[in-house]
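Me: Please take a close look at a single part of this structure and describe it for someone new to it.

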Amino acid sequence: MTTPPLPPVDTLIVVDVQSAFVTGDGAVPDAARLVDRTAALLARARAAGALVVHLQNDGPPGAEDEPHTPGWELHHPVVPGPAEAVVRKPHDDGFQETGLGDLLAGHGTRAVAVCGVMSEMCVQATARTALARGHRVVVPYDAHATQDCPAVPGVADAVPAAVVSRVAAYALGSDAEVTAPAAAVSFTAPPGPPAPGGAVAGSTA
């Protein structure tokens, strides 16, 4: 059965698709699928004039994503321009102590698609805050990933990465859209910043 297209979103947030997490020994399981899906989302978002935000995690010293190390580098090339930005972040939540909230507000963002790694950490935390800020949030089920959750002897068995990802998305609650594939996500340009009085610039409301 074909999944019907979703109403378009105006902003794509690509969370921590950095070399350490999608290449080499530290890559998430099925990293090739994640890279393929996020690349397709990027291409469609750019073609539609949507806002594209690459979140880039700044890991602590010695971490695989320590700033300015090979693992920290973004995997997907960034296309410079007013509708594409890189936001570096020190926490799981892409909004915490960054300019992401102001960036989205400046473009009049209403709806976001969130993809990337890790599902139960940075993807979920960023999506949750986007919901709290009143955005419509789409988390395509095949465009985020994580690592297997290891077993803890005497406490719990190992949990496969695919299960961790699914539970992380569903934990966002019924307000998030988490059951559509990346192929069902379409894009449009954001409406622009709010005009005085609360109306969206260029709107007829």
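Reply: Helix 4 has a kink of about 25 degrees, centred on Ala125; the bend at a residue is the angle between axes fitted to the seven residues ending there and the seven starting there. Residues are numbered from 1 along each chain as its sequence is written. The model is predicted, with local features needing pLDDT of at least 70 and side-chain atom pairs counting only at pLDDT 80 or more, while totals for chains, interfaces and linings use all residues, and side-chain values use heavy atoms, leaving out hydrogens and water.

Helix 4 covers residues 119–132; helices (H or I, at least four residues) and strands (E, at least two) are DSSP runs, numbered from the N terminus. From first C-alpha to last, the 14 residues of helix 4 reach 18 Å, close to the 20 Å expected, where the expected span is 1.5 Å times one less than the number of residues.

Several residues of helix 4 are buried, among them Ser119, Cys122, Val123, Thr126, Ala127 and Ala130. Buried means under 20% relative accessible area, exposed over 50%, partly exposed in between (1.4 Å probe, protein chains only). An α-helix has 3.6 residues a turn, so residues three or four places apart point the same way.

Just after helix 4, Gly134 takes a positive phi of about 95 degrees.

The largest nonpolar core has 31 residues, with Val117 one of those with the most contacts inside it; such a core is a set of buried Ala, Val, Leu, Ile, Met, Phe, Trp, Tyr and Cys residues joined through side-chain atoms within 4.5 Å. Its largest share, six residues, comes from helix 2. A second, separate core of 22 residues includes Ala130.
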